[in-house]
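Here are some notes for a first look at this structure. Please keep the sequence and the 3D view open while reading.

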Amino acid sequence: MNNTSTTGKLFDTTEKRLTEFFNMLGGLTNFSIRFFKEVFLPPYEVEQIRKHMIELGMKTLPIVGVTGFIIGLVMAMQLSPVLKRFGAEAFLPGSVGISIVRELGPVICALIFAGRVSSGIGAELGSMRVTEQIDAMEVSGVNPFRYLVVTRIFATTFILPILTVYVIFISLIGAYIAVVLVQNMTWAYYLDRVIFSVEFGDAIPGVAKTFVFGYIVGLVGAYKGYTAENGTEGVGKASTSAVVVSSLLILIFDMVLVKLTLWIWPTVK
Amino acid sequence: MVEIKDLHKSFNSNVVLDGVSFNVTEAENMVVFGRSGTGKSVLLKCMIRLMDPDAGDVFIQGKDVLKLELKELNELRKNIGFLFQGSALYDSMSVRENLEFPLIRNFDLDQKEIDERIHFVLEAVSLLEAINKMPSELSGGMRKRIGLARSIITKPKLMLYDEPTTGLDPITSKEISVLITELQHALKMTSIVVTHDLLCAKIIADRAIVLSEGKIVKEGSINDLTSSEDPLLKNFFSDEIIEHKGSMK
């Protein structure tokens, strides 16, 4: 009897969670369609987009910089003894460079960006929703979706690739410091080895996928905030779930995009 | 000016508006009374399509609001002011930017005209000194006044007030109610005020309706309603009077 009721509760909870999950996916899809419908229509909120790009970029710059530096440093420290074991120490700059440019730089930067920005957008728009500021905007004849949502998604889509290039550069500096600690190598020689090993075919897909990651961060944050309900509790939930969902989607899309890149661009090996 | 016909709205199984109908004539001040959760705010939001009703019709200035395209609706909204319960000032903007926002977005005015209007509305609500402050630096009463200033800056023909005195002390409530009446007369606006504050209603109302369980149970002047022998109204207004006396102590 007891087991039956526990199983029943488990079934109900799973059913509820699945319904919520599919509702969210549907909501995100509709939100995304609406974004593409509205982004090309005037008035173009250029000033708002510029403001958000600067604000979001400046807000994230220090944390992604520090993270990138440490990742580069640790990556080189970890790889050095392994390559030494195979007598391939000379490949250290190239290995670190390729790892950072193709995968670590873009993904780490996107995940940090999601944690910092997606939650911020979720909380900001959520708070505007529950305090009726979005309604006030609508009543005054302004399209709040275009003014608040489109501008933010546009800004995150285009600022993340710029941050990623910055993170890659900082990570390479971090890796160089680790290399110098174990090998006697000049910066010029290190950079030459990195540039020799990393091809355009590594750099372009690596940076290009961050446009998608940036879009995901903006979309999920804006969706969670714009649809927040139940007062301040709802704002907290919007902020937290924006980070969780956007981070998860970044990893899923990374997997898909890597496969897609290798499929349509087989020279990238 | 405003005609509501057989308006229905439910949230799942909870019926909030159940066939509400009334008219408001030009320059009239109508008060909508009702206990908390009787659908007063929902009624206002359905009127300007912040929410879509399940059934019924809403006519404002002869236009069928529920059938308007978004562009036409936004045109109509330029003639409607809305004072939200929590004032709904934009947190990230200063008082000046809050007041400028609807003008810059919707009207082709030069900076001089915008400045003149800002000056006029801030003077009307006696808060000229708050022009460069952020909303977080304002008290509840000041926020209401700035919210009111922002609502009237576009010179609307119709004003909708959602609980304009909620959360304010009795003296500030009275000041806000008097201010609303003065502005009504000065700008010759029609207004619909949703409230459960009897004092506010007495100051503002030309006519009032009482909502209960999604229906209009009584319509008339404030004196008619407060002196009614209807047990529901007697109960409602006696509670209001006790609440009002309590808050005055």
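1. Start with one pair of residues. B:V31 has B:V193 as its bridge partner in β8(B). Keep in mind that this is a predicted model.

2. Strand β3 of chain B, residues 29–34, is joined to β8(B) by 4 bridges, and the two run parallel.

3. β8(B) has another partner. Strand β7 of chain B, residues 158–162, pairs with β8(B) over 5 bridges, again in the parallel sense. Within this pairing, B:L160 stands opposite B:I192 of β8(B).

4. Is β8(B) covered or open? The strand takes in residues 190–194 of chain B, and 5 of its 5 residues are buried. In a regular strand, side chains alternate between the two faces of the sheet. Both faces of β8(B) are covered. B:T190, B:I192 and B:V194 are buried on one side. B:S191 and B:V193 are buried on the other.

5. Now step back to chain B as a whole. Its secondary structure comes to 9 helices and 10 strands. The radius of gyration is 18 Å, close to the 18 Å that the globule rule gives for 249 residues, so chain B is as compact as a globular protein of that length. Along its principal axes, the C-alpha trace spans about 55 × 50 × 35 Å.

6. Burial and contacts in chain B come next. Of its 249 residues, 41% count as buried. Take the contacts between residues at least 6 apart in sequence: 67% of them join residues at least 24 apart.

7. Chain B also meets chain A. Here 14 residues of chain B are in contact with 10 residues of chain A. On the chain B side, the elements that give two or more residues are α2 (70–77) and α3 (95–106). α3(B) gives the most, with 4 residues. This side of chain B divides into 8 nonpolar, 3 polar and 3 charged residues.

8. One residue of chain A deserves a look. A:T227 lies in the loop between α7 (200–226) and α8 (231–264) of chain A. Is A:T227 buried or partly exposed? A:T227 has 17 C-beta neighbours inside 10 Å, so it counts as partly exposed. A:T227 and A:K51 are 176 residues apart in sequence. Their C-alpha atoms are 23 Å apart in space.

Terms used: Residues numbered from 1 in each chain as written. Chains lettered and ligands numbered in written order. Predicted model: local features only at pLDDT ≥ 70, side-chain atom pairs only at ≥ 80, totals over all residues. Contact = placed C-beta atoms within 7 Å. Nonpolar A, V, L, I, M, F, W, Y, C, P; charged D, E, K, R; others polar. Rg over C-alpha atoms; globule rule 2.2 N^0.38 Å. Buried ≥ 20, exposed ≤ 12 C-beta atoms within 10 Å, placed from the backbone. Pairing = 2+ DSSP bridges.
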